[in-house]
Amino acid sequence: MNETVVNMSQETLRDAETLVEASNGIAVGGIRIPDLFRDLPEAVIVAGADHRITWVNPAFETLFGYSREEITGEITKDLYADPENYKEQGQSRFTPTSTLSDHNYEMRYRRKSGKVILTQTTGGPIRDTSGEVLGYFAIIKDISKTRAIEELLHKLFHITTDQDMDPAAKVQSILKLGCEHFQTDSALVSWVRDDSYTILYSHSDLVDIPRGTSFPLGDTYCSEMLNGDGPLACHNAKQSQFATHPCYDLFLLETYIGVPLIVNGVLFGTLNFTSPEARHPFETGDLEMIKLFAAWVGQQLNFEKETNQLPAKTTTQD
């Protein structure tokens with residue numbers, strides 16, 4: 001069997017050297033694609049010397065939304081979010097004359113749905129033992145969520161350390177940022193005392209909720225959340241246990257994610273983000289992220305409490 005030399009990162013190259021050609025694999029220039037590539041969690045694309053796709057693994061189908069049958073034979077240009085990037089990579093990396101030694105790079109691609117994703121890609125030519133280019137391939141990892149979290153943390157840090165913003169403005173900015181992150185229309189910071197739920201801060205694209213507005217705690221989803229041990233999330237209340245909750249009857253909120261709000265080590269109230277529209281399911285990372293939002297909000301409320309900027313009755317909790 002022919003041996004291949006794959007111009008990739010050293011780590012991927014070491015993996016490739018251990019592969020055994022699949023007896024029934026797909027071939028590029030007479031060289032078969034190893035079975036192991038099919039099981040990689042990252043998307044793998046193999047293209048001929050003409051840049052037309054000849055093989056993709058199941059992870060590619062999941063990430064990009066194309067089936068192997070519909071993408072085979074298509075030019076890789078169709079996957080790029082920006083056609084200019086395809087041109088640049090074709091001239092510098094995916095070319096027989098490429099001399100690049102670094103095969104790792106970031107690239108934005110476009111899924112079948114039209115959504116653009118940011119990826120970490122490793123790619124380059126596939127050569128035979130004589131150095132002739134038989135085709136090209138790339139291993140693609142979606143880093144959109146990782147980068148989004150990094151940017152979110154940067155924004156949170158910028159808000160909380162901005163010396164020109166007062167605590168109230170910081171809370172409002174944090175709520176707006178949370179709505180963007182959790183894809184909701186509204187956000188509330190509440191003070192909870194016994195069976196009373198009082199709004200201290202709100203941000204909403206739908207309705208203005210004045211500070212001091214109160215509801216019976218039992219009429220809010222937060223009552224269920226506070227009965228638990230931590231964050232609670234629901235992406236489609238109509239199809240959940242919330243369908244019979246008083247809050248659903250009163251406000252028809254389909255999306256909810258909330259968390260206890262701790263100020264100076266004591267339960268103070270709640271932080272929650274809501275929307276009348278259902279969304280895709282929340283992930284474990286979202287439950288961790290709202291705890292981080294609550295920690296930042298709690299810091300600002302603690303500062304307001306120490307400087308007597310909170311409503312007087314809220315200081316009696318402890």
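Colleague: Which residues of helix α5 are buried?

Modeller: Please note that this is a predicted model. Helix α5 covers residues 83-92, and a residue counts as buried when its relative accessible area is under 20%. The residues of α5 that are buried are Asn85, Tyr86, Gln89 and Gly90.

Colleague: How wide an arc do they cover around the axis?

Modeller: An α-helix has 3.6 residues a turn, so residues three or four places apart point the same way. The buried residues Asn85, Tyr86, Gln89 and Gly90 lie on the same side of α5, because the arc they cover around the axis is only 130 degrees.

Colleague: Against which element do the buried residues of α5 pack?

Modeller: Contact here requires heavy atoms within 4.5 Å. The element against which the buried residues of α5 pack is β6 (104-110).

Colleague: Is His245 buried or exposed?

Modeller: His245 is placed in the loop between β12 (232-234) and α9 (246-251). Among the residues it touches are Gly218, Asp219 and Tyr221. Its relative accessible area is 7%, so His245 is buried.

Colleague: What is the volume of the largest pocket?

Modeller: Rolling a probe the size of a water molecule over the atoms shows where empty space is left. For the largest pocket, the volume is about 920 Å³.

Colleague: Which element gives the most to the lining of the largest pocket?

Modeller: The elements that give two or more residues to this lining are β7 (116-127), α6 (144-161), α7 (167-182) and α10 (284-306). By class, the lining has 11 nonpolar, 6 polar and 12 charged residues. With 9 residues, the element that gives the most is α6.

Colleague: Is Lys305 buried or exposed?

Modeller: Lys305 belongs to helix α10. Its relative accessible area is 15%, and the limit for a buried residue is under 20%. Lys305 is therefore buried.

Definitions and conventions
Residues numbered from 1 in each chain as written. Predicted model: local features only at pLDDT ≥ 70, side-chain atom pairs only at ≥ 80, totals over all residues. Heavy atoms only, no water. Helix = DSSP H or I, 4+ residues; strand = E, 2+ residues; numbered from the N terminus. Buried < 20%, exposed > 50% of the residue type's maximum accessible area, 1.4 Å probe, protein only. 1 Å grid on protein atoms, 1.4 Å probe; cavity = no way out; pocket = protein on both sides within 12 Å on 5 of 7 lines; lining within 4 Å. Points joined across faces, edges and corners; volume = space filled by probe spheres on them. Nonpolar A, V, L, I, M, F, W, Y, C, P; charged D, E, K, R; others polar. Arc of directions from axis to C-beta.
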